[in-house]
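Open the model in your viewer and follow the stops below. Each one says what to select and what is there.

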Amino acid sequence: MELTMAGALNAALRDSMREDDTVVVYGEDVGRLGGVFRITDGLQAEMGADRCFDTPVAESGIAGTAIGMALYGLRPVVEMQFDGFSYPALNQVISHVAKYRNRTRGHVGLPLVIRIPYGGGIGAVEHHSESPEAYYTHTAGLTVVSPGTPADAYALLRASIALDDPVIFLEPKRRYWLKEDLDLPVTAPPIGEAIVRRAGTTATVIAYGPMVTTAMEAATRAAVESGWDLEVVDVRTLSPLDMDTLVASATKTGRALVVHEAARFVGYGAEIAAELSERAFGYLAAPVLRVTGFDVPYPSAKIERHFLPDADRILDAVARLLEY
Amino acid sequence: MSVEVSSATSGPSSFPGLSKAAWQDVAAEGALSAAQAHDVDLSDEQLRALYRLMALSRRVDRQAINLTRQGALGVFASSHGQEAAQVGSVFALDADDWLFPTYRETVGTFARGVDVVELLALFSGSWHCGFDPYRYRVAPLTTPLATQALHAVGLAMAARIKHDPIVALTFFGDGAASEGDAHEALNMAAVYSAPVVFVVQNNGYAISVPFRLQTRTSSIALRAAGVGMPGIRVDGNDVVSVYGAVKTAVDRARRGDGPTLVEAVTYRLEAHTTADDTTRYRSDDEAAEWRARDPVEGFLRVLREGGVVDEAFLAEVDAEGEATAAIMRDALFGAPAGDPREMFDHVYATPTAQLEGQRALLEREMQAAEES
């Protein structure tokens with residue numbers, strides 16, 4: 001059946017809750033309303049208010065209580081309403097969510113998921129289009145996941161809820177309405193594995209989350225417009241990163257770029273570029289390029305299209321890769 | 001700007017004896033009542049148990065300070081003067097209840113039953129808390145202020161969801177009460193009627209900053225009214241009153257009637273930590289006033305007057321204290337640093353390829369160092 005990413009996420013939550021009665025879902029407006037993006041639609045009605053409930057407006061409280069719940073054997077899945085409002089919870093996430101297993105010498109793992117709708121492209125007001133992935137991937141102990149397709153949204157959220165470690169689950173909100181034909185429960189490679197979404201030979205385009213669609217669009221256009229055969233790799237799990245798949249692809253094509261919405265400076269792409277230059281140096285015909293947002297606060301909705309990487313910006317970078 | 005507030009040091013100091021507790025309640029409109037006396041049902045055996053824990057706590061605390069001066073511990077945050085507030089609180093818990101302490105609650109955590117050597121791991125410079133939280137139902141001593149209060153609320157919410165009749169008790173201080181997490185924890189506990197007891201040890205100072213610069217009000221307990229839960233202000237140096245107040249709160253939580261905020265007014269007789277210097281921010285006279293209200297000595301005095309303890313019992317407690325101190329010395333002097341390679345083991349349930357690579361690098365470095 002045809003399902004949007006939002007629908008796939010909703011189905012993943014519902015199926016996880018049906019299978020495991022220790023799974024609880026909560027956050028701001030997730031209960032009666034079903035979430036501002038309706039990702040939790042219908043869950044309270046089906047599962048009851050003990051297992052899907054609204055909270056006071058207190059993001060640190062949401063993350064902090066999730067720690068206590070996980071400590072007591074539940075599997076909380078909590079929602080930060082928007083990327084820009086997840087920051088009050090950073091102290092809990094960095095000081096405790098990420099470190100509790102280590103702080104207790106392995107005695108206490110925290111099986112919890114923090115879902116964050118992230119990224120731009122929906123014409124939102126300020127503080128609603130942030131890409132905070134580097135904050136989380138820089139923090140040891142977190143597993144950071146971002147799906148690029150509805151099928152992955154379902155499979156990766158199910159896997160995140162089942163994982164015995166805490167997961168930051170970054171949902172590309174501009175792709176909530178992206179559709180795919182799915183038979184649930186869909187299966188996919190596990191957390192920690194990247195996927196080659198489109199095999200190619202000219203150059204490797206590495207993307208995740210909202211940029212997977214953009215990268216695929218660029219590859220389709222490149223084939224028609226320029227005769228380039230681009231390989232698109234979807235990172236899927238930002239941490240721990242499946243560097244082997246990325247190295248294999250870059251080694252094969254000899255050219256690679258990484259694309260993300262987040263700012264370029266000390267961004268996630270810098271890590272991938274550095275690792276590729278260490279591990280595939282002898283195979284690369286060109287330096288690894290980054291196609292990113294600019295190093296500015298996220299701009300206004302009216303001009304965000306000038307900020308966001310699109311197929312053109314990717315194809316310009318491919319042309320530069322081919323100049324070497 | 002002038003700040004007119006009553007000092008935290010003018011606590012509700014009415015010691016009502018061995019069978020009575022006294023505390024002030026926060027009325028619904030948000031004002032403190034006069035102290036009321038309440039009956040406390042403590043047998044002589046329980047009173048002796050309380051004294052034993054306080055005396056041992058005092059000895060453990062002194063030994064930890066000594067071990068820090070001698071270099072066996074990196075730093076230590078003393079509970080000297082706060083034994084009644086901590087021991088009286090944890091004494092009100094049942095076996096299945098949970099405790100969420102901070103670094104200030106070493107003796108409360110000790111009194112709760114955590115092995116004294118294990119619980120000093122934090123201060124010995126270890127990267128982990130030293131004990132299995134599930135074994136003792138005690139969370140790690142936590143240093144980011146007030147963060148653990150939310151963990152207590154979450155655990156209590158989970159217990160309610162599972163219909164387990166347990167209570168979570170969390171400590172924090174007058175300084176931590178200014179943190180956003182303290183407010184979020186109080187508010188969420190009240191909203192969900194979570195079985196939590198918040199015990200604020202108001203010891204007058206956040207390192208050097210006095211209570212009057214944390215709040216314009218005279219009491220942390222007043223905040224209970226703002227979130228819709230009962231608030232209690234109690235003499236934190238009177239162990240029977242602390243026990244009585246916290247037991248009332250624990251019973252209420254266990255009945256399903258929700259959380260309580262208990263403010264135990266006390267004083268930190270030692271410095272913030274062994275790295276702190278109190279002469280820069282407070283007077284000897286002030287400390288002397290509180291020394292005269294020493295919670296351990298004061299309790300011993302009334303136990304003696306009441307004929308609850310005899311010299312043989314006190315000698316036994318002394319001997320146990322010395323034995324405990326000896327255990328601490330033996331275990332903590334020259335304690336091994338541990339295997340550095342273990343730093344990779346507990347970051348994730350299963351170490352990642354990235355961490356395995358870094359472990360191999362460290363392994364090579366250690367081997368090279370050994371060979372040279």
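Start with the contact between the chains: 33 residues of chain A meet 34 residues of chain B. Two residues count as in contact if their C-beta atoms, placed from the backbone, lie within 7 Å.

This is a predicted model, in which local features need pLDDT of at least 70, side-chain atom pairs count only at pLDDT 80 or more, and totals for chains, interfaces and linings use all residues. Residues are numbered from 1 along each chain as its sequence is written, while chains are lettered from A and ligands numbered from 1 in the order in which they are written.

Next, select α3 (59–71), α4 (90–97) and α5 (100–103) of chain A; these elements give two or more residues to the side that touches chain B. Helices (H or I, at least four residues) and strands (E, at least two) are DSSP runs, numbered from the N terminus. The largest share, 9 residues, comes from α3(A).

Now stay within chain A. Colour domain 1 (2–181) and domain 2 (195–323); the bounds come from an automatic or database domain assignment. Their centres, taken over C-alpha atoms, are 26 Å apart. Domain 1 of chain A puts 26 residues into the contact, and domain 2 of chain A puts in 22 residues. On the domain 1 side, pick α6 (133–137), β6 (143–145), α7 (150–162) and β7 (167–172) of chain A, each supplying at least two residues.

Finish with confidence. Chain B averages a pLDDT (the predictor's confidence in each residue, from 0 to 100) of 94. Select residues 1–10 of chain B: pLDDT stays under 50 there. For the complex, the predictor gives an ipTM of 0.97 and a pTM of 0.96.
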